[in-house]
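This report describes the packing of nonpolar side chains and the pairing of charged ones. Please look over the sequence and the model before reading on.

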Amino acid sequence: MRTALYASGRVAVAVFVAAMMVAGMSAFAAGEAEEEAVAPDQDLVVALLSDAVSLDPHGSNDSPSSNVRTQIYETLVYYDEDMVLQPGLAVDWEAVGDTTWRFHLREGVTFHDGEPFTAEAVQANLERVSDEEFGSERYFLYDMITEVNVVDEHTVDVVTEYPFAPLLSHLAHDGGGMISPAAIDEAGFDEVEPIGTGPFQFDYWEPGDEVVVVRNDDYWGEPVALDSVTFRVVPEESTRLALVEGGDAHIAPIEQPANMARIEGSANMELGLYDSLSLDYISFNALKEPFDDVRVRRAISMAIDRETIIDGILEGAGTRATGPMSPMVFGYDEDVDDIPYDPGAAEDLLAEAGYEDGFETTIWTNDNVRRMEIAEIVQNDLAEIGVDVEIEVLEWGAYLDQTAEGEHEMFILGWVTVTGDADYATYALFHSDNHGAVGNRSFYTNEEVDELLDAGRREADPEARLGIYRQVQEML
């Protein structure tokens, strides 16, 4: 899987793209970002398409917010660039039973407000994010946690309802970011003041304009070279590139791969190409007619030419996928059959479902040029089978809110399997417990899929888990 989605000036950057067609969803390519600064004593400016939604790590589950939060907060463990778990705020850990993990915490760590990082801080954070009453979008990541017990000041036990194989992967997720207990006490389940232990600390946020974080001079680890990082909202890609080329910004996501040639031809910019855990998908609202009929969903999937999207819009910087996860994710099965591109068979399915004359519908996208262009191809492809599609473009925050409420018919969105495990790639997107903001914005419900996803979470044997997720991918 390959993509080219970042331009940079004097810094290295990372991006990713995948392509996909999944149950009730057809998907093509997606790009998300993270930055790596290398020049000393400078203010790094990252020009992004969309603003953050929340700076509470236990809150929203969107990439623009996570890009900022991962500078402020740290997790017990984290994944390195090779997707190998590394010690974070926990220096080591071990299983002390089928359902208990013991973590030995790093000493000498303080939060940005001066509060010490202790086992009690871990307890406060994990109890908050795993509390069903909280209603967090990250709840599904930690809902299996039943107890968090302080052993001593720097040792904590995490107890789960059942053996949960990917617990460490979930603790490496941005949702496991550790917040100052004082901030939690103040906020409760409301938005917290952004106080973590990370290498940067929050400075200010001007919604719709920029978020600024500054170096944490009391950081427990090796101090960062940068004085600050500014995440600036710049909706227009041409403006983002002009800022990078002129030195007024240092990193920018490239939503239009056609701009790769411009970057490569510039003396002031570099292009980053990276493998990914990410995808873009088209989702149907399975609660609304005609998308409550699997034949209609399958027909639309068969009528969309993903190769045209990959070659035409992405200029080859993407991969056609056959299920809801990248080949880099544990649980991926390369032998699952893809849904073919077959407009003739799609028309037959629509007729069988009672829509031989087609129907009218809408497809939503946020103000991402690449996704808007994908929507236009979908509009043209579906017109060939009699489906009249109107494209609606929404601002990012409103887009997330309204798709979470199920106000859409079809929409385009992305998903990054940041844990590297099939549970995260499927449980949030397809389990009926997760309708709405958590991830299942298609409101897909299938009791057999639910049972398999529940079993995949509870199974400790890796080979047995692979078998379970193979069945899930075949059904989807």
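Is Glu-245 buried, partly exposed or exposed? The model is a predicted one. In it, Glu-245 has a relative accessible area of 30%. Buried means under 20% and exposed means over 50%, so Glu-245 is partly exposed.

## Glu-245 and its partner

Glu-245 forms a salt bridge with Arg-262, with a distance of 3.3 Å from N to O between the two side chains.

## Other salt bridges

The structure has 20 salt bridges. One of them joins the side chains of Arg-295 and Glu-352, at 3.7 Å from N to O. This pair links distant parts of the chain, 57 residues apart: Arg-295 is in helix α8 (residues 294-303) and Glu-352 is in helix α10 (residues 343-352). Arg-295 is partly exposed at 28% relative accessibility, whereas Glu-352 is exposed at 52%.

Another salt bridge is formed by Arg-320 and Glu-307, whose closest N and O atoms are 3.8 Å apart. Glu-307 lies in helix α9 and Arg-320 in the loop between α9 (306-313) and α10, so parts that are 13 residues apart in sequence are tied together by the pair. Arg-320 has 24% relative accessibility and counts as partly exposed; Glu-307, with a relative accessible area of 34%, is partly exposed. Through salt bridges that share partners, Arg-306, Glu-307, Arg-320 and Asp-338 are joined into one network.

## Nonpolar cores

In soluble globular proteins, nonpolar side chains tend to be buried together. The largest nonpolar core in this model contains 110 residues. The members that touch the most others are Leu-76, Phe-103, Leu-105, Phe-117, Ile-300, Leu-382 and Met-410. Helix α13 (residues 422-430) gives the most to this core, contributing seven residues.

Which residues does Leu-382 touch, leaving aside those up to four places away in sequence? They are Ile-300, Ala-303, Ile-304, Val-387, Val-389 and Met-410.

Methods. Residues are numbered from 1 along each chain as its sequence is written. This is a predicted model: local features need pLDDT of at least 70, side-chain atom pairs count only at pLDDT 80 or more; totals for chains, interfaces and linings use all residues. Side-chain values use heavy atoms; hydrogens and water are left out. A nonpolar core is a set of buried Ala, Val, Leu, Ile, Met, Phe, Trp, Tyr and Cys residues joined through side-chain atoms within 4.5 Å. Buried means under 20% relative accessible area, exposed over 50%, partly exposed in between (1.4 Å probe, protein chains only). Helices (H or I, at least four residues) and strands (E, at least two) are DSSP runs, numbered from the N terminus. Contact means heavy atoms within 4.5 Å. A salt bridge is a side-chain nitrogen of Lys or Arg within 4 Å of a carboxyl oxygen of Asp or Glu.
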